Amino acid sequence: MAKLQIGKRLRFVREKFGYTQQQVANALNIDRSTYSYYETGKTSPDIATLLSLSEIFSIGVDEFLIPLDPEETSYLEDSEKLLIKRGRRRKGDETTNGSHIYDLIKEEKQLICYYRAMNVEQKKVLLENASDLIKGQDKE
């Protein structure tokens, strides 16, 4: 039953952020069918994958593990309210992810997905490279 709960949450969070299964699978460097199996409950992600998923979606690993109950079905409509309810976030907290990812094009979503899967050092290198690219563009 736990597999099914993780799968339901993975699917909801992925859809909430506007990602495709392929985009998440690419960020995790796994096959799309492997990720699909996570969502359907055929297999469960290992702890390293759960940690990466929590980075991609900016939520705690425990959010994938807590069983849904009837009172929490609002989670399927508004995950932010649930995070606030559980004390994970506060209203107005700058750590709250208020991005409008649905407004982004496919490549922008994929870039965000990759960024969230990176470690701190990789993020630093990516941002430095992006800055250098923009500075080079300004000189032209």
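Predicted model: local features only at pLDDT ≥ 70, side-chain atom pairs only at ≥ 80, totals over all residues.
## Helix pair H4 and H7

The axes of H4 and helix H7 (residues 106–117) cross at roughly 130° and come within 7 Å of each other. The two helices are therefore oblique to each other. The crossing in which H4 passes H7 is right-handed.

On the H4 side, the residues that meet H7 are Glu 55, Ile 56 and Phe 57. Their counterparts in H7 are Cys 113, Arg 116 and Ala 117. Sorted by class, the contact of H4 with H7 has four nonpolar and two charged residues, and no polar ones.

## Chain overview

The secondary structure of the chain consists of eight helices and zero strands. Along the sequence, the pattern reads α-α-α-α-α-α-α-α. The chain has 140 residues, and buried residues make up 34% of them. Among contacts with a separation of 6 or more, 58% are between residues 24 or more positions apart.

## Salt bridges

The count of salt bridges comes to four. Three of them are listed here, with the distance between nitrogen and oxygen.

| Pair | N to O distance |
|---|---|
| Arg 11 and Glu 15 | 2.9 Å |
| Arg 14 and Glu 39 | 2.5 Å |
| Glu 55 and Lys 123 | 3.7 Å |

Arg 11 and Glu 15 both belong to helix H1 (residues 2–17), where they are four residues apart, about one turn of the helix. Arg 11 has 46% relative accessibility and counts as partly exposed. Glu 15 is partly exposed as well, with a relative accessible area of 36%.

Which helices does the pair of Arg 14 and Glu 39 tie together? Arg 14 forms its salt bridge with Glu 39. Arg 14 lies in helix H1 and Glu 39 in helix H3 (residues 32–40), so the pair ties together parts that are 25 residues apart in sequence. Arg 14 counts as buried, at 9% relative accessibility. Glu 39 is likewise buried, at 9% relative accessibility. Arg 11, Arg 14, Glu 15 and Glu 39 are linked in a network of salt bridges.

Glu 55, named above in the contact of H4 with H7, also forms a salt bridge with Lys 123. Glu 55 is in helix H4 (residues 47–57) and Lys 123 is in helix H8 (residues 120–139), so this pair ties together parts 68 residues apart in sequence.

Ala 25 is located in helix H2 (residues 21–28). Its relative accessibility is 0%, and Ala 25 counts as buried. Leaving aside neighbours within four places in sequence, the contacts of Ala 25 are Ile 30, Asp 31, Arg 32 and Tyr 35. For Ala 25 and Tyr 35, the C-alpha to C-alpha distance is 5.9 Å, with ten residues of separation in sequence.

Thr 49 is placed in helix H4. With a relative accessible area of 14%, Thr 49 is buried. Not counting residues up to four places away in sequence, Thr 49 touches Leu 28 and Tyr 38.

## Positive phi angles in loops

Which loop holds Asn 29? Asn 29 is in the loop between H2 and H3. The phi of Asn 29 is near 60°, a positive value in a residue other than glycine. At 71% relative accessibility, Asn 29 counts as exposed.

Ser 58 is in the loop between H4 and helix H5 (62–65). Although Ser 58 is not a glycine, its phi is positive, about 55°. Ser 58 counts as partly exposed, with 26% relative accessibility.

Key
Residues numbered from 1 in each chain as written. Heavy atoms only, no water. Salt bridge = Lys/Arg side-chain N within 4 Å of Asp/Glu carboxyl O. Buried < 20%, exposed > 50% of the residue type's maximum accessible area, 1.4 Å probe, protein only. Axes fitted to C-alpha atoms, helices over the stretch in contact; angles between N-to-C directions. Parallel < 35°, antiparallel > 145°, perpendicular 65-115°, else oblique. Left-handed = near helix turned anticlockwise from the far one by under 90°. Contact = heavy atoms within 4.5 Å. Nonpolar A, V, L, I, M, F, W, Y, C, P; charged D, E, K, R; others polar.
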